[in-house]
Amino acid sequence: MDDLAYGTRNKRGDFAPRDPLQVMPLWHMPPRPLAFLKWLPGYFLPWNVLFMALGALNWFALMPGVETMKTLAPGWILYVFAVNVATVLIVYGALEARLYVKRAQGAKFKYNAKFPADQPSDVFMFKSQNVDNVIRTFATGVPIWTAYQVFGLWAYANHVGPWTTFAEHPVWLAFLGLIFPMFHELHFYCIHRLIHVPVLYKHIHSVHHNSVNPSPWSSLSMHPIEHLLYWSDSLIHLILPSHPLLFLYGLQVTGTGAVVGHVGFDKIEVGEGGVDSHAYAHYLHHKYFEVNYADGTTALDRLFGTWHDGSKEAQAQMEARYEKKVARVNQK
Ligand SMILES: [Zn+2]
Ligand SMILES: [Zn+2]
C-alpha cells in the first residue's frame, strides 16, 4: 500500500492522515443520519468485534463455573489472572511483534517515524520504553484488572448486584452492550481530565505520558492509581442490571482495548489492504498532552475546545490556546 495516497509525511518522515478525525455524527447539529450510517461500521470494526469475541470466549469457555466463583480462592483467581496475561500477551504481543520488532511495514502509516526501541531514555526503567511498559503492564495493570474481574464474577455468583438474564431483558442488555464502549469513553474522559490536574499529573499520569511515541506496550503502562481509576468503569455492571457476558466484554473493551490509541500506525497492512487502527486521536494526545482527552464518540473535547482533528485549523487553535495559557501563567 502507498501510505501517501492516504496522507502526508513531513521532513522527519512522520505520517499524518489526510482526512480530519470525525466526532461521532450523532452529535452533529442538525443531525446527519447518512453520515452516522457511514460512521457506524468503524464503531464495530475492527476493535469492538474483537472485544465482543474475547468477552464471549471468556464467558462461554474460559471462566470457572458459578459454584467455584462463589468462594474467593487463590486457585481460580490465579487462573483468571493467567487468562488475562495470555490475552494481553497475544493481542499486544502480536501487534508489537509485527509492527515494532519485525517492522513488517517499516514506517509506512507510522505517526512518528522513529521506533521507541531506537531511542533509549532515562525516564524509563532500564532506559527502555518497552521494558518499562511491560513491567508496569504485568506488575500492576493486569493484576488490578483481574481484581475487578474477580470481584464482579464473585458478586454475580453470590447474587450481589442487579444481575439479569437475556431471556428477561433482551432489549436492555443489547442496548447496554452497544453503548458500553461509549460509556467507557465518557468514563475515561472524566478520570483522564482529573489526572491531568497538575498535582495528579505530576505524581500519577506522567507515568503514562512518558511514552510520547507510544507502541502497543504503552497501552497499560500506567501508575497503579490510574489503573484503579481506569477499570472502575466496570462497576457500572454492579449498579445497572447487567449480565456477566457484558461485564467480561466491558473488561475487554477497557483492558485489551487500551491498545486502541497506542498502535502508532494509522493503518495496519493486511495482505493487499489495510485495517484502520483508530489510533490518531489518542496519538495526538500523547504528542500534545492537552488535546483529545477522549476519542470521538463523546463530543466533550469538542464542547470544551480541546478537540484536535489533525487539521491545520485545529493545530492553530491549540497553539492559540497554549499561548493564552502561557500569558496567564506569566501574569501571575
Ligand atoms: Zn495513552
Ligand atoms: Zn493524558
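Q: On which residue is the kink in α5 centred?
A: In this predicted model, helix α5 covers residues 129–157. Its axis bends by about 40 degrees.

Q: How far apart are the end C-alpha atoms of helix α5?
A: Helix α5 has 29 residues, so at 1.5 Å a residue it should span 42 Å. The separation of its end C-alpha atoms agrees with this expectation. That separation is 40 Å.

Q: Which residue that follows α5 has a positive phi?
A: The phi in question is near 60 degrees. The residue with this positive phi after α5 is His159.

Q: What span does α4 have between its end C-alpha atoms?
A: Helix α4 runs over residues 74–101. A straight helix of 28 residues would span 40 Å at 1.5 Å a residue, and α4 spans only part of that. Its end C-alpha atoms give 36 Å.

Q: Where is the kink in α4 centred?
A: The bend in α4 is about 30 degrees. Just after this helix, Arg103 has a positive phi of about 50 degrees. The kink itself is centred on Gly93.

Q: Are α2 and α4 roughly parallel or roughly antiparallel?
A: Helix α2 (residues 47–62) packs on α4 with the axes 13 Å apart and an angle of about 150 degrees. Angles over 145 degrees count as roughly antiparallel. Therefore α2 and α4 are roughly antiparallel.

Q: Which word describes the orientation of α4 and α5 to each other?
A: The axes of α4 and α5 are 9 Å apart, at an angle of about 135 degrees. An angle has to be over 145 degrees to count as roughly antiparallel, and 65 to 115 degrees is roughly perpendicular. The two helices are therefore oblique.

Q: How many nonpolar residues does the contact of α4 with α5 have?
A: The crossing of α4 and α5 is right-handed. Among the contact residues are Trp76, Phe81 and Glu96 of α4 and Phe138, Pro143 and Trp154 of α5. By class, five residues of the contact are polar and one is charged, while the nonpolar residues number 14.

Notes: Residues are numbered from 1 along each chain as its sequence is written. Chains are lettered from A and ligands numbered from 1 in the order in which they are written. This is a predicted model: local features need pLDDT of at least 70, side-chain atom pairs count only at pLDDT 80 or more; totals for chains, interfaces and linings use all residues. Side-chain values use heavy atoms; hydrogens and water are left out. Helices (H or I, at least four residues) and strands (E, at least two) are DSSP runs, numbered from the N terminus. The expected span of a helix is 1.5 Å times one less than its number of residues. The bend at a residue is the angle between axes fitted to the seven residues ending there and the seven starting there. Axes are lines fitted to C-alpha atoms, for helices over the stretch in contact, and angles run from 0 to 180 degrees between N-to-C directions. Angles under 35 degrees count as roughly parallel, over 145 as roughly antiparallel, 65 to 115 as roughly perpendicular and the rest as oblique. A crossing is left-handed if the near helix is turned anticlockwise from the far one by less than a right angle, and right-handed if clockwise. Contact means heavy atoms within 4.5 Å. Ala, Val, Leu, Ile, Met, Phe, Trp, Tyr, Cys and Pro count as nonpolar, Asp, Glu, Lys and Arg as charged, and the others, Gly among them, as polar.
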